[in-house]
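Morning, everyone. Please bring up the sequence and the model, and we'll walk through two spots.

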Amino acid sequence: MTVTYRVTGTGSASITWTDKDFNMAQETDASLPWEKEVVVTGFAKSASLTVTNDQTDGASSKCEIVVDGQVKYTQTASGPFASASCSGMVD
């Protein structure tokens, strides 16, 4: 199953997600918008995405986990160093 991790917002952010083997991966100082496709395998197909805003005043971001073209999980973060986390089953 292919899952799209998407982060929109202003400025840059630190983004952490799970890959196909449920290992954690991270990109720091990622420019927004950001998007990555990951193939999720295994018995329990779950996905996780966390975004943490940079220190900029007025920073905001939104994480989304998209499955089959539909946003399945979403959350927003507003303010410097605020975090949003999206996670759950995707099958």
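Start with Ser 61 and Asn 53: their side chains are joined by a polar contact of 2.6 Å. A polar contact here is a pair of N or O atoms within 3.5 Å; within protein, one must be able to donate a hydrogen and the other to accept it, and residues adjacent in sequence count only if both atoms are side-chain atoms.

A word on the source. This is a predicted model, where local features need pLDDT of at least 70 and side-chain atom pairs count only at pLDDT 80 or more, while totals for chains, interfaces and linings use all residues. Residues are numbered from 1 along each chain as its sequence is written, and side-chain values use heavy atoms, leaving out hydrogens and water.

Where does Ser 61 sit? In strand 6, residues 60–67. Strands are DSSP runs of E, at least two residues, numbered from the N terminus. Ser 61 counts as buried because its relative accessibility is 4%; buried means under 20% relative accessible area, with a 1.4 Å probe and protein chains only. Beyond four places in sequence, Ser 61 touches residues including Val 7, Leu 32, Asn 53 and Ala 77. Contact means heavy atoms within 4.5 Å.

Next, the cysteines. The whole structure has one disulfide, a pair of cysteine sulfur atoms within 2.5 Å. It joins Cys 63 to Cys 86, S to S 2.1 Å. Cys 63 lies in strand 6 and Cys 86 in strand 8, residues 83–89, so the pair links distant parts of the chain, 23 residues apart. The link of Cys 63 and Cys 86 is right-handed, with 90 degrees about the S-S bond.

Buried or exposed, Cys 63? Buried, at 0%. Cys 86 is buried too, at 2%.

Notes:
Helix = DSSP H or I, 4+ residues; strand = E, 2+ residues; numbered from the N terminus. Buried < 20%, exposed > 50% of the residue type's maximum accessible area, 1.4 Å probe, protein only.
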